[in-house]
Amino acid sequence: MHVFTTRKNLLAAAVGAALFCATAAHAADAPAAAPATTADDLPRITVTAIGSSLRFDVPATVTVIDRQKMDRHLVANIRDLVKYEPGVSVVGTAGRWGLDSYNIRGLDGNRVSILTDGVPASSSFGFSTTGMRAGRSFVDPDTLKSVEISRGPASALNPSDSLGGTVRYTTKDPADYLRDGKDTYVSVRERYDSADRSLGTSLTLAGGRPDNGLVIVANHIEGHDLGNKGDVATQDFTRTRPDPLTQNTTSLLAKYVHVAASGREDRVTADFYRNNVDTNVLSAVGQSGTTKLLTDTANDRATRQRVAVGQRFPTIHLGIADTLEWDAYWQESETESQTRTLANVPSRAATYDRLYLSDLQEKLFGGHLTLGKTIDSGSVRQHITYGVEASRTTPTGQLGGQGTNVATGITSSSSPYMPENYPLRFFPRNDTDRYAVFAQDEIDLMDGRLRITPGVRWDHYAFKPDQDDPYYQSSFVQEGLDDVKKNRFSPKLGVTWSVTDNVELFGNYSQGFRPPLYNELAVAWGTARLYGIVPNPNLKPETSKGIEIGVRGNGDLGYFSASAYYNRYRNFIYGGFTLPRSEWPQWAVNQNLLIVMQSVNFPKATIKGVEASGGLMLGALTDTLQGWRVEGNLAASKGDKKTYEGGWSPLNSVDPLTATLGIAYDAKAWGAELIGKGVKRKSRLDDDTTFRAPGYATLDLYAHWKPWEPLELMAGVTNIADRKYWDWGSLHGGVLTNVATGGGIDDAQARNAQIERLTMPGRALVVSARYTF
């Protein structure tokens with residue numbers, strides 16, 4: 001009852017704020033002398049907010065983070081990128097494994113689509129500290145021009161498996177730096193962050209003309225472990241300081257763009273990303289159990305390389321289309337890990353020097369074709385977009401290694417020198433083919449004041465395992481895994497109505513479809529006297545139905561947006577379900593395992609919530625406050641899942657209530673922004689023993705100054721009050737998660753983790769200087 005009352009009050013507050021801002025926005029444009037604004041202008045307006053801009057040209061909540069915001073908030077990773085974005089966060093650890101992916105309105109990992117210039121990111125995969133962990137954060141924010149975040153599968157143009165939403169990265173173009181009369185551009189940027197003692201250098205080169213140019217962006221960062229509020233620096237699992245860590249990241253983007261006289265645009269893009277991390281995992285040392293680690297060191301390397309070509313025809317004469325766009329791409333992502341441990345096994349009175357070698361690679365190639373047709377009959381104007389997409393994903397992975405008995409010097413890849421007989425295949429070689437056909441129609445009525453956007457998307461999915469793969473020889477695989485083929489139509493319907501020239505109502509209904517991935521269908525694993533994972537070839541696709549309604553507007557005085565949403569999911573895939581002992585396979589019983597897990601379909605899950613944001617441009621009130629603005633937002637949601645037993649339990653991936661409030665001043669050559677962020681205690685969890693992160697509030701200050709044209713200086717002080725706090729995304733997607741639950745990993749130290757070690761950094765300084773030649 002308390003939760004329901006809280007949500008109802010939040011919704012009432014959001015609606016009240018929206019109505020107030022609507023009145024203010026309308027009043028701001030009331031004077032007759034003001035220039036007339038047509039309804040057709042409204043959908044094209046974007047307004048600046050904390051961290052992002054609101055889009056008015058879609059019947060859903062879509063925000064855009066531009067390059068200027070990224071620079072002024074000194075963004076270095078995806079957590080920085082969405083730090084102030086309502087309803088959006090990041091999951092992942094602050095240590096060895098790093099950040100994984102986004103959480104949008106309570107769903108994360110592979111339920112969120114991440115596209116770089118339209119190319120999908122590889123899948124999250126992970127289990128076992130000495131096994132494999134592969135995230136989806138294969139992007140350097142410094143190569144990006146903008147980031148667009150859509151909530152839910154609201155558009156037929158986005159992948160239907162984006163049940164949580166879609167994050168679209170757009171990389172930089174030559175035209176961002178070149179202009180007529182200036183055919184070269186060179187800039188160098190240096191950045192330092194005290195939180196992880198990192199120093200980065202970025203070089204941007206551009207040459208040619210805006211319609212025929214090349215841009216190259218190169219970036220390199222050297223850093224260390226991310227600081228926290230722990231103060232115990234012991235050399236074992238009792239430490240609360242971070243594990244010692246050094247890392248470096250290198251990225252390179254090269255893009256050539258040619259625009260012909262006809263308007264045809266030709267693009268060729270190549271980019272490369274590599275992250276290398278060396279960790280002394282002291283937090284794993286010294287714990288008693290079937291195996292006691294005396295040392296644990298690791299090296300992890302993640303790389304991604306991509307090549308893409310494409311064309312856009314803004315004007316063609318095909319009869320069936322006025323515009324055409326196509327692209328084709330190839331991408332390879334790989335995560336390699338080396339873990340070396342000195343492991344004492346009391347039951348054998350022996351100590352083993354063990355080296356684990358794991359490799360997960362995902363190759364992807366595909367493309368898409370999109371056509372557009374505009375039909376204008378006078379009273380009704382339609383813009384129809386339709387097309388096809390196709391791709392093939394080929395993942396491979398294995399775990400190898402060897403152990404040496406320290407006393408005898410004997411080396412072997414078999415038990416007991418290693419926990420199992422290596423090498424191991426934890427999923428079969430396979431190809432996953434995806435095909436999609438989509439169509440969407442934007443229908444403008446009533447002189448553009450009413451826009452109806454119906455759409456539909458048909459997706460076909462085919463998982464094709466190689467039956468000759470050694471995976472099938474494993475004792476962990478009890479039955480064959482045949483081809484899995486799924487397809488579904490997903491309808492969408494959106495409506496926007498311009499109540500006034502500055503205020504619009506919007507709503508949408510959408511369905512989503514996410515088939516099970518190879519890492520949910522086929523993972524098989526077992527570690528004697530610890531845990532096992534059983535494949536589930538009978539997993540059903542997840543489906544969703546969602547509705548969102550909202551109101552938004554803007555005027556000289558400010559802007560606002562408020563929305564409420566309700567999403568329902570069926571056959572919700574849960575990756576960490578603990579099987580009852582009666583359902584264990586015989587090999588698990590023989591190995592005397594502690595738990596056996598499997599990916600299963602929970603019958604239902606629901607997530608509902610509200611979001612609101614707004615800003616007040618104080619200069620519209622009086623000339624003495626020109627340049628000042630106040631902005632804020634909030635997001636609150638609640639999620640539950642229905643289990644096999646028929647009961648309901650909280651959905652842990654849903655973020656606690658979050659709100660931000662900021663005040664900023666911008667002059668011609670300088671500006672400053674003070675932002676406060678408050679997060680409520682994470683109280684709703686499905687396990688009473690799990691740590692409940694307390695609520696917190698932080699205060700951040702940013703400033704930028706351009707003393708003369710070639711030089712721009714930026715600085716930020718984060719967590720000014722030096723508060724101790726835990727970020728739920730770091731806990732949920734990090735060491736406190738269970739094995740195979742979404743995008744997280746199983747940390748062997750989970751149950752004994754010193755919770756202070758998982759705190760976020762205290763007060764930190766970050767500075768940046770960019771010089772343009």
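A residue counts as buried when its relative accessible area is under 20%. The views below show a predicted model.

**Figure 1. Asn719, a buried residue with positive phi.** At 4% relative accessibility, Asn719 falls under the 20% cut-off and therefore counts as buried. Asn719 is placed in the loop between strand S37 (711-718) and helix H6 (728-732). Its phi is positive, about 50 degrees, although Asn719 is not a glycine. Most residues other than glycine have a negative phi.

**Figure 2. Ala349, an exposed residue with positive phi.** Ala349 belongs to the loop between strand S19 (323-345) and strand S20 (350-376). Its phi is near 50 degrees, a positive value in a residue other than glycine. Ala349 has a relative accessible area of 73% and is therefore exposed.

Figure 3. The peptide bond from Ser415 to Pro416 is cis, with omega near 10 degrees. Pro416 is found in the loop between strand S22 (411-412) and strand S23 (430-445). A cis peptide bond also joins Tyr422 and Pro423, where omega is about 5 degrees. Pro423, too, is found in the loop between S22 and S23. Most peptide bonds are trans.

**Figure 4. The open sheet S4-S5-S6.** In this view 3 strands form an open sheet with antiparallel pairing, in the order S4-S5-S6. Strand S4 (88-92) and strand S6 (107-108) are the edge strands, each pairing on one side only. The antiparallel pairing of S4 with strand S5 (residues 99-104) extends over 5 bridges. Val91 stands opposite Ser101 in S5.

Figure 5. Arg96 and Asp300 meet through their side chains in a salt bridge (2.6 Å, N to O). This pair links distant parts of the chain, with Arg96 in the loop between S4 and S5 and Asp300 in strand S18 (residues 292-313), 204 residues apart. Arg96 is buried, with a relative accessible area of 11%, and Asp300 is buried at 6%. Arg105 forms a salt bridge with Glu548, and their closest N and O atoms are 3.0 Å apart. Here, too, distant parts of the chain are linked: Arg105 lies in the loop between S5 and S6, and Glu548 in strand S29, 443 residues apart. Both Arg105 and Glu548 are buried.

**Figure 6. The Asp322-Lys373 salt bridge.** The closest N and O atoms of the salt bridge between Asp322 and Lys373 are 3.4 Å apart. Asp322 lies in the loop between S18 and S19 and Lys373 in strand S20, so the pair ties together parts that are 51 residues apart in sequence. Asp322 is partly exposed, with a relative accessible area of 25%. Lys373 is partly exposed as well, at 21%.

**Figure 7. A network of salt bridges.** Lys145, Asp173, Asp176, Lys255, Glu265, Arg267 and Arg312 are linked in a network of salt bridges. The count for the model comes to 56 salt bridges.

**Figure 8. Surroundings of Asp140.** Asp140 lies in the loop between strand S10 (132-134) and strand S11 (144-151). Asp140 is buried yet has no salt bridge, and the nearest side chain of opposite charge, that of Arg189, is 6.4 Å away. The side chain of Asp140 makes polar contacts with the side chains of Asn219 (2.6 Å) and Ser251 (2.5 Å).

Figure 9. Strand S14 (residues 198-209) and strand S15 (residues 212-224) run antiparallel and are joined by 11 bridges. These two strands form a hairpin with 2 residues between them. Gly208 stands opposite Gly213 in S15. S15 also pairs with strand S16 (residues 245-259) in the antiparallel sense, over 13 bridges. In this pairing Glu222 stands opposite Asn248 in S16.

**Figure 10. Glu631 in strand S32.** Glu631 lies in strand S32 (residues 628-642) and is buried, with a relative accessible area of 2%. The side chains of Glu631 and Arg629 are joined by a polar contact of 3.0 Å. Glu631 and Gly662 are 31 residues apart along the chain, and their C-alpha atoms are separated by 5.3 Å.

**Figure 11. A nonpolar surface patch.** Leu493, Val495, Tyr509, Ile547, Ile549 and Tyr566 form a nonpolar patch on the surface, with about 520 Å² of accessible area together. Strand S25 (484-498) and strand S29 (542-554) are the elements that give two or more residues to the patch. Ile549 is placed in strand S29 and is exposed, with a relative accessible area of 53%.

Key
Residues numbered from 1 in each chain as written. Predicted model: local features only at pLDDT ≥ 70, side-chain atom pairs only at ≥ 80, totals over all residues. Heavy atoms only, no water. Pairing = 2+ DSSP bridges. Helix = DSSP H or I, 4+ residues; strand = E, 2+ residues; numbered from the N terminus. Patch = residues over 30% accessible without salt bridge, like charges linked within 9 Å, V, L, I, M, F, W, Y side chains within 5 Å. Areas by Shrake-Rupley, 256 points an atom, 1.4 Å probe, with all protein chains shown as cover. Salt bridge = Lys/Arg side-chain N within 4 Å of Asp/Glu carboxyl O. Buried < 20%, exposed > 50% of the residue type's maximum accessible area, 1.4 Å probe, protein only. Lys, Arg positive; Asp, Glu negative; His and termini not counted. Polar contact = N/O pair within 3.5 Å; in protein donor to acceptor, adjacent residues only side chain to side chain.
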